[in-house]
Amino acid sequence: MRTQMRLGLLLTVAAALGAQTAPYKALKYPALRQPEIPKIEPFKLPNGMTVYLLENHALPLVSGFALVRTGNLFDPPDKIGLASMTGSVMRTGGTKGKSGEQINEELENIAATVESSIGEGSGSVSFNALKENTDQVLAVFKDVMTQPEFRQDKVDLLKTQTRGGISRRNDDAGEIESDKFNELIYGRDNPYGWRMEYEHVDRIQREDLLQFHKRYFFPANIMLAVQGDFNAAELKAKIEKLFADWTVKQPAVPAFPAVTAKPAPGVFVGPKPDVTQTFFRLGHLGGLLSDKDYPALEVMGDILAGSFSSRLFKKVRTELGYAYSVNGGWGANYDHAGIFEISGSTKSASTVDTIQAIRAEIDRIRTGEVTAEELQGAKDTVLNSFVFRFDRPTKTLQRLVSYDYYGYPKDFIFQYQKAIQNVTRADVLRVAKEHLRPEELTIVAVGNTADFGKPLSATGLPVKELDLSIPEPKKAEVKADAGSMKKAQDALARLQKAVGGADKVAAVKDAQVTAESELTGPQGALKVSQHLWWLRPGQLRQEQVLPFGKVVVYSDGKTGWMQTPQGAGPMPPPVVAQVRSELLRFPFQLWISNQDPERSVSVDEKGALVVSSKSGDSTTLTLGEDGLPATAVYRLGPQELRE
């Protein structure tokens, strides 16, 4: 009884309070204060470098960056990836006076950083430091930017990592969909759409990085921006002194290439049987940030696909339940056309239905005005995000420098803000009709085509299958003259003598190898043990005891099986390839490779012994003075495995 009375009293009080409380829509918020962009007057050093300084005494920190007019857009067609490799090894390869590791140690000891990179349309060298270490870090920053050494071992390491990335690029369906879409929109025959392959990696040498840096890293081609806890006049004097001896000159950098892409309408499918979802992306070429219709297109894109309240989110996710998320919008760049795109993933069976639902919403936004509520919600979303573009002095400085870099007015962001506020329902309909081109849609779908509920031809568009193969590099021709063949045989004979003789090696019919190791990770030390049985001519059984259970592998070099805690089954092709490579480098077979008709023996340009298989795997041995291997580099096809 008492419980009922208390409950009744609580409900009565709650009802009374609810009646007195205004609904949330009636709440009033003051207008956000207009961000103020500080007035920064850039100045030029005698060597031609432009400098921006922004004092900020909130914290005892100083940071800065150099914006360099360069980029992947200047890659030679036969050496795609040269710019990005240059940007990476500038830092890791150290300077003339210090190795990358020595720079790491110096900066770690004072909680500072210096980084470098080169992207599509710009290069950057940046730094962060405590106020008291500004001079020391600026000196390192200057050396990295002006005199990188590009040490060969770091070039080789990055090339190895890059090859590994290329070999794994078909592992992730989402990555395939994104890469292929970009290629189709811009075209693979120009810098906006081409892609780095093994052959490009193999062509790039240390000298190429040195020459690329020399061409684009010169004072007149650089904008240096620094913000933090300093006195501008004092820092200006320090920077002038620091860069006084850097007087390198080069011809002016040419304009970036224009986008020459043509529409590629249709459905492009990437078969990937090992996934249960289809990753899709559709769209066509977008525009520039400076386009007069960009503000209205931004609002239109948000209404269509830009947020949780967008039409596509409500239709595809909430109403139809086809996808967990779907997003997109009108893409624009500073100096070249962006991409209008919509992307997401859906269960395989609803692939075609999802694509059709998205196309229907694109058609709908082109045929009738959006509601007043949709318009206001989208404008609020865009305008309310405006403040986050100025929430840190670093962002403000980067924006100002970027505007100068691309030739935009300093108040461009406020022009854009005002234009967003003035967008009307009629504007949204007009730009949707003028700029959305359903007949030019490029649609990419990557998934298990066997599980698609309907054939992609049901979209009514032409269907083409994507080529997901990864081109192998062109193999260098090995000189087969008598002299080089004799060098290879002599090197192998020297190795065989050092290990006891070819006859004794050939007499070994089987071998066992046992190894134990300890891996350190977030969960602490993990012990791993391995036992390997080898039987001539090419059988291999391997047992690994891992923290999560035992893994057993058997192969004859052509096929095999494997057993894991999840069960047993045929060995996947990538694992077969790894076993094949392991058999190639197993000592008792490797040392007498001249007796195996499936292998060839040669020497490289440095005189190292190279043993290759017909499948493209290879082992390169550098022999010591005693004839025994001093170093070994293994390659699984084009991918370097370990050294």
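**View 1. A111, an exposed residue in a loop.** In this predicted model, A111 has a relative accessible area of 59%, so it counts as exposed. Look for A111 in the loop that joins α3 (100-108) to β4 (113-118). Most residues other than glycine have a negative phi.

**View 2. F150, a buried residue with a positive phi.** Now move to the loop between α4 and α5, where F150 is found. Phi of F150 is near 50°, again a positive value in a residue other than glycine. Is F150 buried or exposed? With a relative accessibility of 0%, F150 counts as buried.

**View 3. Helix α2 meets helix α8.** Here the axes of α2 and α8 (residues 206-216) come within 9 Å and cross at roughly 90°. The two helices, α2 and α8, are therefore roughly perpendicular to each other. On the α2 side, the contact is made by L82, A83, M85, T86, V89 and M90, and on the α8 side by D208, L209, F212 and H213. Seven of the residues in this contact of α2 with α8 are nonpolar, two are polar and one is charged.

**View 4. Helix α2 meets helix α5.** Staying with α2 (residues 82-92), we turn to α5 (residues 152-167): their axes come within 10 Å and cross at roughly 135°. That angle makes α2 oblique to α5. The crossing of α2 past α5 is right-handed. Which residues make the contact? They are M85, S88, V89 and T92 from α2, together with K154, V155, L158 and K159 from α5. Sorted by type, the residues of this contact of α2 with α5 are four nonpolar, two polar and two charged.

**View 5. Inside the largest nonpolar core.** This core has 80 residues, and F141 and M145 have the most contacts inside it. Helix α4 (residues 134-146) gives the most to this core, contributing six residues. Leaving aside residues up to four places away in sequence, M145 touches M49, A66, M90, V125, H213, F217, I222, F243 and W246. A second, separate core of 50 residues includes L289, L312, V326 and F412. In soluble globular proteins, nonpolar side chains tend to be buried together.

View 6. The last stop is the loop between β16 (524-535) and β17 (539-546), where P537 lies. The peptide bond from R536 to P537 is cis, and its omega is near 10°. Most peptide bonds are trans.

Key: Residues are numbered from 1 along each chain as its sequence is written. This is a predicted model: local features need pLDDT of at least 70, side-chain atom pairs count only at pLDDT 80 or more; totals for chains, interfaces and linings use all residues. Side-chain values use heavy atoms; hydrogens and water are left out. Axes are lines fitted to C-alpha atoms, for helices over the stretch in contact, and angles run from 0 to 180 degrees between N-to-C directions. Helices (H or I, at least four residues) and strands (E, at least two) are DSSP runs, numbered from the N terminus. Angles under 35 degrees count as roughly parallel, over 145 as roughly antiparallel, 65 to 115 as roughly perpendicular and the rest as oblique. A crossing is left-handed if the near helix is turned anticlockwise from the far one by less than a right angle, and right-handed if clockwise. Contact means heavy atoms within 4.5 Å. Ala, Val, Leu, Ile, Met, Phe, Trp, Tyr, Cys and Pro count as nonpolar, Asp, Glu, Lys and Arg as charged, and the others, Gly among them, as polar. A nonpolar core is a set of buried Ala, Val, Leu, Ile, Met, Phe, Trp, Tyr and Cys residues joined through side-chain atoms within 4.5 Å. Buried means under 20% relative accessible area, exposed over 50%, partly exposed in between (1.4 Å probe, protein chains only).
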